[in-house]
Amino acid sequence: MADTLHALTALGHAAPETVEIGPYRITERFDVALASIASRKGRDKDVEKAAKAENLPLPGPAAAAEGATWASFWVAPQMWIVEAPFASHEDIVSHLKPAFGDAASITEQTDAWVRFDLAAPDLVPLMERLCNVDFSKAAAGFASRVVVEHTSCYLIKRGQGEVTLYGPRSSARSLLHALETAATSLL
Amino acid sequence: MIINHPILGPRDSQEFVYLGDASLMTRPDGMTAGIEEFHDWLYNRDNPAGLHRELWYHEQGDRSWLVVTRNTVTHEITSVELARDVARKMGRSK
């Protein structure tokens with residue numbers, strides 16, 4: 001029976017969607033596991049040490065960082081969301097819990113979000129229509145919570161033409177519509 | 001209006017939600033303080049024409065609570081602190 005059960009993507013299909021509008025490519029990502037890590041009171045040093053041992057980067061405010069397996073971005077003081085390959089880390093909390101023990105509170109976030117990767121030679125015109133981040137001035141590795149079309153999202157700037165956007169999974173279709181509308185208006 | 005977030009730097013005030021007077025942070029103990037003191041905390045607010053300390057929540061940001069000192073006449077913001085740091089300075093543990 002298990003063979004007939006397949007998870008659907010946030011957009012409700014068996015396989016993730018890719019939309020191309022002019023130079024803009026919007027890719028739904030289905031292969032990333034997520035968890036939030038919040039260090040408990042007075043345990044910052046322990047969290048730092050455990051993360052180092054796991055080769056898990058924990059960047060400073062408004063930043064994202066990538067390691068070999070783990071990547072993460074800052075969301076609040078002493079709190080991060082970590083990313084790992086879904087294929088190897090589907091049960092992401094059980095990978096993190098042994099390393100952090102009771103020094104941090106860890107919550108699985110994989111199915112709470114829809115992830116869209118935006119790509120274009122230059123994303124500035126699109127991003128300045130979508131959110132209030134000064135995208136051309138933000139450095140690569142900038143991460144922030146933003147509002148896109150009334151939807152609260154996390155934005156990670158990987159480069160001038162590369163952006164990761166995490167939005168609420170239940171608003172996946174609406175968020176994609178907002179991205180498509182903004183991209184179409186630029187043609 | 002721009003709020004200089006102590007961690008994230010200058011941010012548009014649209015990202016924030018206003019709660020009210022920063023004195024809300026110092027709720028008297030309802031079991032030991034008198035009814036007058038509790039009533040005063042709950043209902044009575046100063047309405048100064050000048051500097052006012054108030055609580056703002058960075059809802060579309062890092063979800064931190066801030067104590068913002070704002071001039072109610074000019075809207076000039078003279079100081080922004082994390083509410084957490086303010087509470088700790090008052091000797092609170094959390």
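Two strands are taken to pair if DSSP finds at least two bridges between them. The legends below describe close-up views of a predicted model.

**View 1. Strands β4 and β5 of chain B pair in the antiparallel sense.** Strand β4, residues 51-57 of chain B, and strand β5, residues 65-71 of chain B, are joined over seven bridges. One residue of this pairing can be followed across the two strands, for B:Arg53 has B:Thr69 in β5(B) as its bridge partner.

**View 2. The open sheet of chain B is built from four strands.** The strands follow the order β3-β4-β5-β6, and their pairing is antiparallel. Strands β3 (17-21) and β6 (77-82) of chain B stand at the edges with a single partner strand each, so one side of each has no neighbour in the sheet. On average, neighbouring strands of this sheet are turned by 30° against each other, if direction is ignored.

**View 3. Chain A holds an open sheet of five strands.** In this sheet the order is β4-β5-β6-β3-β7, again with antiparallel pairing. Because β4 (64-66) and β7 (104-108) of chain A each have a single partner strand, they stand at the edges, and one side of each is left without a neighbour in the sheet.

**View 4. Helix α3 of chain A, residues 92-100, carries buried residues.** Which residues of this helix are buried? They are A:Ile92, A:His95, A:Leu96 and A:Phe100, and, seen down the axis of α3(A), the buried residues fall within an arc of 110°, so they line one face of the helix. On the other side of α3(A), by contrast, A:Ser94 and A:Pro98 are exposed. The elements that cover the buried residues of α3(A) include β3, β6 and β7 as well as the helices α1 (44-53) and α2 (86-89), which belong to chain A. Just after α3(A) comes A:Gly101, which takes a positive phi of about 55°.

View 5. Of the 187 residues of chain A, 34% count as buried.

Conventions
Residues are numbered from 1 along each chain as its sequence is written. Chains are lettered from A and ligands numbered from 1 in the order in which they are written. This is a predicted model: local features need pLDDT of at least 70, side-chain atom pairs count only at pLDDT 80 or more; totals for chains, interfaces and linings use all residues. Axes are lines fitted to C-alpha atoms, for helices over the stretch in contact, and angles run from 0 to 180 degrees between N-to-C directions. A residue is buried if 20 or more other C-beta atoms lie within 10 Å of its own, exposed if 12 or fewer, and partly exposed in between; C-beta atoms are placed from the backbone. The arc is that of the directions from the helix axis to the C-beta atoms. Two residues are in contact if their C-beta atoms, placed from the backbone, lie within 7 Å.
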